[in-house]
Amino acid sequence: MIRMTEPSKITGVPDHQLAAGGIAARARASVGPKYLSGLNPEQREAVETLDGPVLVLAGAGTGKTRVLTTRIAHILSQGRARPAEILSVTFTNKAAREMKHRLGQMLGHAVEGMPWLGTFHSIGGRILRVHAELAQLKSNFTVLDVDDQVRLLKQLLQAESIDDKRWPARMLAGLIDGWKNRGLMPSQVPSGEAAMFANGKGGKLYASYQERLKILNAADFGDLLLENIRIFREHPDILRQYQQRFKFILVDEYQDTNVAQYLWLRLLSQAPSDSSFTSPRARGEVASPGSAIARLSDAGEEDSPQAEPVRTTPLPVQDGEREQKPHVKNICCVGDDDQSIYGWRGAEVDNILRFDHDFPGAKVIRLERNYRSTGHILAAASHLIAHNEGRLGKTLRTEDQDGEKVTVTGSWDSEEEARGIGEEIEQIQRKGEKLNEIAILVRASYQMREFEDRFVTLGLPYRVIGGPRFYERAEIRDALAYLRVINSPADDLAFERIVNVPKRGLGDATVQMLHDHARKRRIPLFEAARAVVETDELKPKARGSLRDVVAQFDRWRAQREVTAHTDLAQIVLDESGYTEMWQKDRSADAAGRLENLKELVRSMEEFENLQGFLEHISLVMDRDSGADEDAVSLMTLHSAKGLEFDNVFLPGWEEGLFPSQRTLDEQGRAGLEEERRLGHVGLTRARRRAMIYFATNRRIHGTWSTTIPSRFLDELPAANVEITESKGGSAWGGTGGYGASRFDDMEAFGSTYSTPGWQRAQANRNRGGGRNGGGGSGGFEEEAATFSSSSSGPDFGSFSSRRRAPLTIEGELVAKSTGTTSEFSLSDRVFHQKFGYGRVTKIDGNKLTIAFDKTGEKKVVDSFVQRA
């Protein structure tokens, strides 16, 4: 009898693998499901590799979201799992909604019954409500927001007689959140870290806080995962239920996971048959030196306060037990180690770097074909990030054309930088491109102020992404309120805002009494306060505080006549106690708020007086930017992740600012590598053009400093970069371009030397010449004509006053109050020296919205235009 040998048992014949791009591979792709069409070979491999652990290293613009959603669709269509058997974790609710929407489009019907597609916290919260009693909670527990946390912690500080000014509750909330992000229960906090707060009471306060939460039947966001981890460890049977339920686990943005999220995923990703096995790393027994996991091991993860020492190898085999590796389920993590930029909020890049160690036998698939950016941009970004040592390695490529090179432009100072970028944006707009496709990505939020002011001057619409505009920030509004009351004692809204800021014991009852008094006598709130302090209607303490406030404003108003408005602003912030309030605040954002206050005072230098500055602010604050408005996007680099634009401006590439000196001081080489990843993220936001700027001089911590270009510039490839000249003015002053540096306030050529060099310079001055050509064709004369009736050419000796022309012309205020009625009517044809001819489409006081023939719709003050 002839026996047929099974094909799989025939020896000597190698396994056949389809050649990438070959006839068989292309033919196979043509008969696949429709949702697989259009995928490149790497994307398709990531979708179809369903068994075992998979890490998809997805570079910027390589279609990772499509891969993740298509993978879920493939699992469902192949019948490998039901919707309720798939755990898919994202970082935002928006991402979860987008995935569901895309799945519906792929499968041709709405996706229902996927209860486990959501964020870490939403899924953790759902699990915790099911097992609430094991966390000493009821299923209807409340999830506290940050404000509620701070209020609760203030109560605990008072109970412990701890000065909440020296040790703010918000600082303690930040510490506790950090401990929870690292998976640390109160007994596991290292003594050294506990000593950071209230002379070693941090750990005790953490424990008291957790006890109080149980009494209130409440949890904070950190508990939603921390309690999950504790329940899974203490109740293996419950962990086994969820391990059996989830046949497939998918994780988005894996490089942004923190330690607690890693531990939560690690427990769920073990096969049910190995539920008793916990990997050495999950127990904190295998750790890379200096990593967050190593620090976690130092803290210990067992219930006993005494932590076991860190081991660098797995536990030895006991009782003749066979040492085994954990069996892991079908887990797929999608991420990019080159885009891990959130280390400051607990993200641990080590999680993705150690994936193949944590999940033995893992398959790593690299998505390197970029569908967003041009060749030069990708080459620059790849060359920059290649200088990082802590990365898995990949090189982005594109089949698109090389496009324009990345440009690097130097400016004299930050003002010229803003002018240059503003001019570049106007040129892009004149070519017919949308403002929505333009973004400015800054390293620090205080950089935004100069761009906002410049855009208001130019009439360019803009929006701030990821936060309020500079003048809408709470600390700026508070400071402006003080200045508004000085300028106008009848400004009730401003007075009410700051009468008890910082706290002076003037609560709602006092303010209500002032309102009642003001209404009865028909006087402003400030005058009501002046009258009330002379009566006995208030308690002595409140009356004394209010009397001090009135006296302070009277004193500041008198000083206004003899003190420069910039100096006055600094005096007000100091004497009112407002600066001290933020200096004592130890929250994470306190330092940034102090920087913003310094930037506010600096911004006042450009104006003749306090009145002119406040008028300018009224124009800035009046902007009504709708969601559908065509506008420039202004944001920090951290806020830009996940977004893309045709044109991206990257200002402030200087040492100390980018890379951030604070990050380098606190984190060393790890911090430098995260800053470099931030630069990589910034460059890869651009589809067609990426434009880098740096300034030679910038005000840092309130003082002008000479800076040097960022080290990252030397890490860019010369073949893909072009050096350009700033359009914002000459690099050495105002002899060309669109303005001058602050040094032009000095008398130009004050000496009368008779040297040939001096004579040539004097001749250049007289004819308005400069590096960029004569005054007749330079950009400066265009701006001078905007604010002056004379067109005889610029006078460099008096440029400083002309530069402030948008505010005053020969002492007459131009930016009149918003209550002024304009002499223009709707549909009037007008002419503007800079923007040309246009037609009035909207009138608001003395502010006109004009649709210009060539430059589009802009908002200007009526005194800048004339009838055509």
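**Ground rules.** The model is predicted, so I took local features only at pLDDT of at least 70 and side-chain atom pairs only at pLDDT 80 or more, while totals for chains, interfaces and linings use all residues. Residues are numbered from 1 along each chain as its sequence is written, and side-chain values use heavy atoms, with hydrogens and water left out.

I started with the open sheet, where 6 strands run in the order 3-2-6-7-1-8 with parallel pairing. Strands here are DSSP E runs of at least two residues, helices are H or I runs of at least four, and both are numbered from the N terminus. Two strands pair if DSSP finds at least two bridges between them. I found strand 3 (117–119) and strand 8 (363–367) at the edges, each pairing on one side only. The twist averages 15° from one strand to the next. Angles are taken between N-to-C directions, from 0 to 180 degrees, with axes fitted to C-alpha atoms (for helices, over the stretch in contact).

I then looked at strand 2 (86–90) and strand 6 (248–251), which pair in the parallel sense over 4 bridges. Ile86 has Phe248 in strand 6 as its bridge partner. Helix 2 (41–48) lies across strand 1 (54–58) and strand 8, at about 145° to strand 8.

**Helices 3 and 4.** Which residues of helix 3 meet helix 4? Among them I noted Leu68, Ile72 and Leu76, and on the helix 4 side the list includes Met99, Leu103 and Met106; contact means heavy atoms within 4.5 Å. Helix 3 (64–77) packs on helix 4 (93–107) at about 55°, with the axes 9 Å apart. That makes the pair oblique, since angles under 35 degrees count as roughly parallel, over 145 as roughly antiparallel, 65 to 115 as roughly perpendicular and the rest as oblique.

**Helix 9.** Helix 9 (202–215) has 14 residues and reaches 20 Å from first C-alpha to last, close to the 20 Å expected (1.5 Å times one less than the number of residues). I listed its buried residues, including Leu205, Tyr206, Tyr209 and Leu213; buried means under 20% relative accessible area, exposed over 50%, partly exposed in between (1.4 Å probe, protein chains only). The buried residues pack against helices 6, 7, 8 and 10 and strand 5. After the helix comes Asn217, with a positive phi near 50°.

**Glu644.** I found Glu644 in the loop between strand 12 (632–636) and strand 13 (645–650). Its relative accessible area is 32%, so Glu644 is partly exposed. Beyond its neighbours within four places in sequence, Glu644 contacts Arg372, Arg685 and Arg687. Gly61 is 583 residues away from Glu644 in sequence, yet 8.8 Å away in space, C-alpha to C-alpha.
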